[in-house]
Amino acid sequence: QVQLVESGGGLVQTGGSLRLSCAASGSMFSRNVMGWYRQAPGKQRELVAGITRDGRTNYADSVKGRFTISRDNAMNTVYLQMNSLKPEDTGVYYCAAGIQGASPWLIPTRWGQGTQVTVSS
């Protein structure tokens, strides 16, 4: 069983940066595919970035070149570095652990509680 706790959200101006962290408890972290999702008001939750246990990554087209996902298996932590933030990046960001699929790319089995990211124009 993996439990996930996100941190690092906040308010930032357009063009700014934030780094989200997701600390995982449990001995199975390194075996999980990890991902960051976001949910904007009135919209469905979407996968923003994912990373396999061996470091292969997947990004939504809207964040390619701006966001970077990484993981530290020794620290049981996954990160999302967000640069050049835009107002449309605003939403609640959720960390997820799961297994890799074809479509969708990540099938979540565990969720964090979410952290708010607000980008002001």
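This report covers the strands, salt bridges, disulfide and selected loop residues of one predicted model.

Residues are numbered from 1 along each chain as its sequence is written, and side-chain values use heavy atoms, with hydrogens and water left out. Because the model is predicted, local features need pLDDT of at least 70 and side-chain atom pairs count only at pLDDT 80 or more, while totals for chains, interfaces and linings use all residues.

## Strands and sheet

Helices (H or I, at least four residues) and strands (E, at least two) are DSSP runs, numbered from the N terminus. Two strands pair if DSSP finds at least two bridges between them.

Four strands make up an open sheet, and their order is 1-3-8-7. The pairing is antiparallel. Strand 1 (3–7) and strand 7 (67–72) are the edges. Each has a single partner strand, so one side of each lacks a neighbour in the sheet. Neighbouring strands of this sheet are turned by 15° against each other on average, direction ignored. Here the axes are lines fitted to C-alpha atoms, for helices over the stretch in contact, and angles run from 0 to 180 degrees between N-to-C directions.

Inside the sheet, strand 3 (residues 18–25) and strand 8 (residues 77–82) run antiparallel and are joined by six bridges. Ser-21 has Tyr-79 of strand 8 as its bridge partner. In a regular strand the side chains alternate between the two faces of the sheet.

Strand 9 (91–100) pairs with strand 10 (residues 106–111). Five bridges join these two antiparallel strands. They form a hairpin with five residues between them. Ala-96 has Trp-111 of strand 10 as its bridge partner.

## The disulfide

How many disulfides does a search of the whole structure find? The search returns one. A disulfide here is a pair of cysteine sulfur atoms within 2.5 Å. Cys-22 and Cys-95 form this link, with their sulfur atoms 2.1 Å apart. Cys-22 sits in strand 3 and Cys-95 in strand 9, so named parts of the chain 73 residues apart are linked by the pair. The angle about the S-S bond is -80°, and the link is left-handed.

Buried means under 20% relative accessible area, exposed over 50%, and partly exposed in between (1.4 Å probe, protein chains only). Cys-22 is buried at 0%. Cys-95 is buried at 0% as well.

## Salt bridges

A salt bridge is a side-chain nitrogen of Lys or Arg within 4 Å of a carboxyl oxygen of Asp or Glu. The whole structure holds five of them.

| Pair | N to O distance |
|---|---|
| Arg-38 and Glu-46 | 2.9 Å |
| Asp-54 and Arg-56 | 3.4 Å |
| Asp-89 and Arg-66 | 2.8 Å |

Asp-89 lies in the loop between strand 8 and strand 9. Arg-66 lies in the loop between strand 6 (57–59) and strand 7. The pair therefore ties together parts that are 23 residues apart in sequence. Asp-89 is buried at 1% relative accessible area. Arg-66 is buried at 11%.

Arg-38 is buried at 6%, whereas Glu-46 is partly exposed at 34%. Arg-38, Glu-46, Arg-66 and Asp-89 are linked in a network of salt bridges.

Asp-54 is exposed at 56%. Its partner Arg-56 is partly exposed at 46%.

Contact means heavy atoms within 4.5 Å.

Asn-32 lies in the loop between strand 3 and strand 4 (33–39). Is this residue buried or exposed? Asn-32 is buried, at 11% relative accessible area. Leaving out residues up to four places away in sequence, Asn-32 touches Val-2, Arg-53, Arg-71, Ala-97, Gly-98 and Thr-109.

Thr-90 is in the loop between strand 8 and strand 9. Thr-90 is buried at 18% relative accessibility. Which residues does Thr-90 contact, apart from neighbours within four places in sequence? They are Ala-40, Gln-116, Val-117, Thr-118 and Val-119. The Thr-90 side chain also reaches the backbone nitrogen of Val-119 at 2.9 Å. A polar contact is a pair of N or O atoms within 3.5 Å; within protein, one must be able to donate a hydrogen and the other to accept it, and residues adjacent in sequence count only if both atoms are side-chain atoms.
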